[in-house]
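This report describes selected features of the structure shown below.

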Amino acid sequence: MNSTMSMSANRPDFVQPIVNQTVPLGRDATFTCVVRNLSGYRIGWVKTDSKAIQAIHDHVITHNPRVWVSTTDQSTWNLHIKNVQEEDRGQYMCQINTDPMKSQTGYLDVVIPPDIINEDTSSDMMVPEGESVRLSCKAKGYPQPHITWRREDNEDIILKDPSGAKERVSTHEGEDLKLTRLSRNEMGAYLCIASNGIPPSVSKRIIINVHFHPVIQVPNQLVGAPFDTNVSLECYVEAYPKPIIYWEKKKDEMLVSNEKYEIQTEIRSQFETKMTLRVKNFHRSDMGTYKCNAKNSVGGVESSIRLYEITGATKYPYIVDEDDMEHVEKDNNHKDENNKGYSFYPKHANNANKANNSTKLSPNRSFILHYRSYGRTLFTSSTIIVTASVTKFLINL
């Protein structure tokens, strides 16, 4: 019996379990099998799913040139796999040829960074405004990558349901992104980002261009100015594809920058442009209608601005206290020495008080000045803040 116990104690055994390996595609992997009391027994390596013998003791059996073995002091046995590939993924067994056989296993997981499948992924596209589009993004890798969409400019993605309700999101998860009834504000670059926890994540940039008929907005269609001044006319153009934009005064007479005109173009976005025409040293011959034109492959549009002379001095001023509509009044008899402005007094001040400035306006009061020019029916308003206690204040118009 003692002899049997002695033989059992001297039989080979494993010292520690095999450590599982997770290795990126193309890297090297090593399984280590540590045994004691190996004596005359032998070590074998087997890939369990295919039952393919990899090596017996220090001899490589497989025809895979990337597999080799090493050992130290007859107790540590290593199975090496160079430049691991997907087919190397699986379970590997270290065996001792005892009777019965002893074995332990370790798992090799080959992970693969994500990669966009271009042939299955949407590319740049041009879409008419109001139409819908579905973007698709496919990726491969191990584990299977997940897809996230976002806009390159960090603006929200607008999702619409069949009822027309909108939801604004910074990102959208899933292989498909449906953009319904596209507007011009949704054009731009969309990023399809594939990630699976194995760096690096990858992305594809898909540009959505929304084409539409040019639109012109004119802040002021009537612009007046005195002669011998410089006058600026403005119009704002929205269009895509990029339009041809120009000013004209007479039919088919395109204006260019010269000693009379200065033309400025400011690109505000992919589809927005501000156009400014500066008329220098405004004279009678410059009066009339100016046209702002925009044309692209979808269509064309024009908008008119009439430039006229403002004559005479400003008149009809009156002032209103924001807190008390009856607080102040205009004193037509107290114009300034140059006859260009008006003094305003508290409403309750009598003539004597006006003469000696004995009635004061409270400090930090806010007033609204209303005035209009000769030939105009609309009043212009300006806010005035009185920051100190004063008896009157003078408005130069």
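Strand β16, covering residues 166–169, contains K166; strands here are DSSP runs of E with at least two residues, numbered from the N terminus. With a relative accessibility of 59%, K166 counts as exposed (buried is under 20% relative accessible area, exposed over 50%, partly exposed in between, with a 1.4 Å probe and protein chains only).

## Basis of the model

The model is predicted: local features need pLDDT of at least 70, side-chain atom pairs count only at pLDDT 80 or more, and totals for chains, interfaces and linings use all residues. Residues are numbered from 1 along each chain as its sequence is written, and side-chain values use heavy atoms, leaving out hydrogens and water.

## The enclosed strand β4

Strand β4 (residues 43–47) is largely enclosed by the rest of the structure, because five of its five residues are buried.

## Partners of β4

Strand β9 (residues 90–96) runs antiparallel to β4 and is joined to it by five bridges; pairing requires at least two DSSP bridges between two strands. In this pair, I96 of β9 lies opposite I43.

Four bridges link β4 with β5 (residues 52–56), also in the antiparallel sense, and V46 stands opposite I53 of β5. The hairpin of β4 and β5 has four residues between the strands, and K51 there adopts a positive phi near 55 degrees.
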